[in-house]
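Biologist: I'd like to walk through this protein with you. Can you show me the sequence and the structure?

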Amino acid sequence: MSSEPPPASATASTEELEADLSAATISKKQLNKEARKAAKAAKADKAGKAEKPQAEEADPFAANYGDVPVEEIQSKAISGRAWTDVGDLDEAAAGRSVLIRGSAQLFRPVSKKMAFVVLRQCMSTVQCVLVASADAGVSTQMVRFATSLSKESIVDVEGVVSIPKEPLKATTQQVEIQVRKVYCINRAIPTLPINLEDAARSEAEFEKAEQTGEKLVRVLQDTRLNYRSIDLRTPANQAIFRIQSQVENKFREYLASKDFIGIHSPKLISGSSEGGAAVFKLQYNGQPACLAQSPQLYKQMAICGGFGRVFEVGPVFRAENSNTHRHLCEFMGLDAEMEIKEHYFEVCDIIDGLFVAIFKHLNENCKRELETINRQYPFEPLKYLEKTLKLTYAEGIQMLKEAGTEIDPMGDLNTESEKKLGRLVKEKYGTEFFILYRYPLAVRPFYTMPCYDDPAYSNSFDVFIRGEEIISGAQRVHTPELLRKRAIECGIDANTISSYIESFSYGAPPHGGFGVGLERVVMLFCALNNIRKTSLFPRDPQRLTP
């Protein structure tokens, strides 16, 4: 139907016409003239309708492009076509016909007959070339269709791989695809809430633009998190979460090689697992409950159950109103517990071997991801020793004192003191990864074993990366009498953890363990400035969505 409004005479009512006639404002001659105009407009409208399919039919290659109907991608059929990952496109594929799917990242029309389209799949990008040619089955209409798509639309491309004359700077793959067919699977909205190019800029780019007077859009953290599904598409974010996956995988792999058994503990519990009030409380079928602050109690009960060595990867919940760069209300915990034969340093040795193995693995096998992160968030590689440095808490306090910082020897280190100690250790020992042990008992959880020679201290330790704590661990109390006494001293209702305490009455071996936040490990290894960068969908005191 024509989008033009019909003539006024065609919409006028009979009453209006009669009124106009009686008023002698419209003559019979004028009415005939208007009628002829209406008939002429109707004829033109009809002709326009007939011309549209003729124009479409005039393109002999119309089947080679277009929007794919939804019903065609509702798992209608399996075609058996072979798909190629964009990251696998290299010079060895030259001359081969390929089928790829990706997000339309960039369009560059050159003329009516030629255009470039950059497709992205995960961390890989490739340049697709459209040139109108009867031999290639590409029409000018097809070129126009491709460049009319919105950024981030999902697109299928079929074409022949070719090697460009000059190296490509804007794509990861150093080949092009000479397009033969292009289909849009799903169109993104025309204007996205954040621009991917803006979200991927480095601080160096902003500094350079400021010097030249160019104005660039800076995507702030809250905006990124509000539209996280777009923000995650940046190269740096794609790399960060691949690094995170590798850390988790290596954690499992290494501990399994040391005879640790993977377990899964409940996250709904009746009482606090760490002490204090930082728990999310809820009702569980009419009785008070809370979300687990850690799998601590259940790791120990598993040791009592005869497993010897256990580990867990699972969510941890902390109801702390801490709006800092390194705290979250929910994070992914990497936990381990093990029998001790003689000394809790046996646990420290596991940590030593585990993290040195993780660091080596990342440096050797994730070079591309680390380089990608470095482009947007520059950082120096982590310095660590083959045999991890161990210092007593008292030695750490003394180093700070000699550097002009007074710390309560029976208190805990604050964030500023931790960072300063990290700098001092790096200068003196050449490492940014170290263990600080024998903490005052007063600053440790109730289940921590006191030192044999001085009950004011404990068989506990923290582990640091770049001056920030990532691991807390210790030898645990394994006698029910001392455990109950310590719980009461720390303000915990022993009745809420009675089943935990009782489990040590049935014969429990000496044991110890540790817990570490996955997001914090990645943040510090890559020297990122905020833990929200390493949490897929962060939960902090202010954020519950998306």
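What follows is a short chat about the sheet, some rings and the backbone.

Modeller: Before you ask, this is a predicted model, where local features need pLDDT of at least 70 and side-chain atom pairs count only at pLDDT 80 or more, while totals for chains, interfaces and linings use all residues. Residues are numbered from 1 along each chain as its sequence is written, and side-chain values use heavy atoms, with hydrogens and water left out.

Biologist: Which strands stand at the edges of the open sheet of eight strands?

Modeller: Helices (H or I, at least four residues) and strands (E, at least two) are DSSP runs, numbered from the N terminus, and two strands pair if DSSP finds at least two bridges between them. The sheet order is β7-β11-β12-β17-β16-β15-β14-β13, with mixed pairing. Two of these strands have a single partner each, so one side of each is left without a neighbour in the sheet. Those edge strands are β7 (261-262) and β13 (389-392).

Biologist: In what sense do β16 and β17 pair, and what is the bridge partner of S472?

Modeller: Strands of a sheet pair through backbone hydrogen bonds, either parallel or antiparallel. Here β16 (residues 468-475) and β17 (residues 511-517) go antiparallel, over five bridges. In β17, the partner of S472 is G515.

Biologist: What is the angle between the planes of Y500 and F504, and are they buried or exposed?

Modeller: Rings of Phe, Tyr and Trp (its six-membered ring) pair if their centres lie within 6.5 Å; planes under 30 degrees apart count as stacked, over 60 as edge-to-face and the rest as tilted. Buried means under 20% relative accessible area, exposed over 50%, partly exposed in between (1.4 Å probe, protein chains only). Y500 has 2% and F504 has 3%, so both count as buried. Their centres are 5.2 Å apart, and the pair is edge-to-face, with planes at 90°.
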